[in-house]
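Here are my notes on this one, point by point. Have a look at the model first, then read on.

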Amino acid sequence: MPRRGPAKLRKIKKDPLYQDLMVAKLINRSMRNGKKSVAQRQVYTAFELVKEKTNEDPLDVFHKALANVRPQMEVRPRRVGGAAYQVPMPVRGARQDALAIRWIIEAARSRDNSLFHTFSEKLAAEILDASKGEGGAVKKKADMERVAEANRAFAHFRW
């Protein structure tokens, strides 16, 4: 059955410690099996590790990391006359944030277990790397934008 109208946007509450919406989204996204308190502890521990390593406000480092990971362009498939073209399009704001947070968590989870033992350590390392413009999440953004650039010839198919 097709969807009737756009999906309703849910309001999420700011996180209790930093009073920040993006931190709340990071916690919700890193949560597994509905265990929010565990995810909260892991994210806050990661922020403490960031604070220890940089002597800066972890919130500033996190926002800088997000800014470095947010994609500007993406490709979306568009069917024209039986052929599907990868059409480059700008990424809207809410999706930029969602992708950035998703990529940071994926990159943190896929980090080498021999170097880092806990998810908090991996997340802290990924946030630090992303804030410097390095790491798996930034690489993912660069790959996505490279594909969009390569398909610029199909930009006229944008709807």
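1. First, the ring rule: rings of Phe, Tyr and Trp (its six-membered ring) pair if their centres lie within 6.5 Å, with planes under 30 degrees apart called stacked, over 60 edge-to-face and the rest tilted. Ring pairs join Tyr 18, Tyr 44, Phe 47 and Phe 62 into a cluster. By this rule there are four aromatic pairs.

2. Before the details, a caveat: this is a predicted model, where local features need pLDDT of at least 70 and side-chain atom pairs count only at pLDDT 80 or more, while totals for chains, interfaces and linings use all residues. Residues are numbered from 1 along each chain as its sequence is written, and side-chain values use heavy atoms, with hydrogens and water left out.

3. Take Tyr 18 and Tyr 44: their ring centres are 5.9 Å apart and the planes sit at 55°, so this pair is tilted. Tyr 18 is in the segment before H1 and Tyr 44 in helix H2 (residues 36–54), so the pair ties together parts 26 residues apart in sequence. (Helices are DSSP runs of H or I, at least four residues, numbered from the N terminus.) Both Tyr 18 and Tyr 44 are buried, meaning under 20% relative accessible area with a 1.4 Å probe, protein chains only.

4. Phe 47 and Phe 62 make another tilted pair, at 5.5 Å centre to centre and 50° between the planes.

5. Over at helix H5 (residues 119–131), the 13 residues reach 18 Å from first C-alpha to last, close to the 18 Å expected at 1.5 Å a residue; the expected span is 1.5 Å times one less than the number of residues. H5 is mostly covered, with 12 of its 13 residues buried. Among them are Lys 122, Glu 126 and Asp 129.

6. Arg 109 lies over the face of Phe 119, 5.6 Å from the ring centre. The rule for a charge over a ring asks for NZ of Lys or CZ of Arg within 6 Å of the ring centre and within 35 degrees of the ring normal.

Definitions and conventions
Helices (H or I, at least four residues) and strands (E, at least two) are DSSP runs, numbered from the N terminus. Buried means under 20% relative accessible area, exposed over 50%, partly exposed in between (1.4 Å probe, protein chains only).
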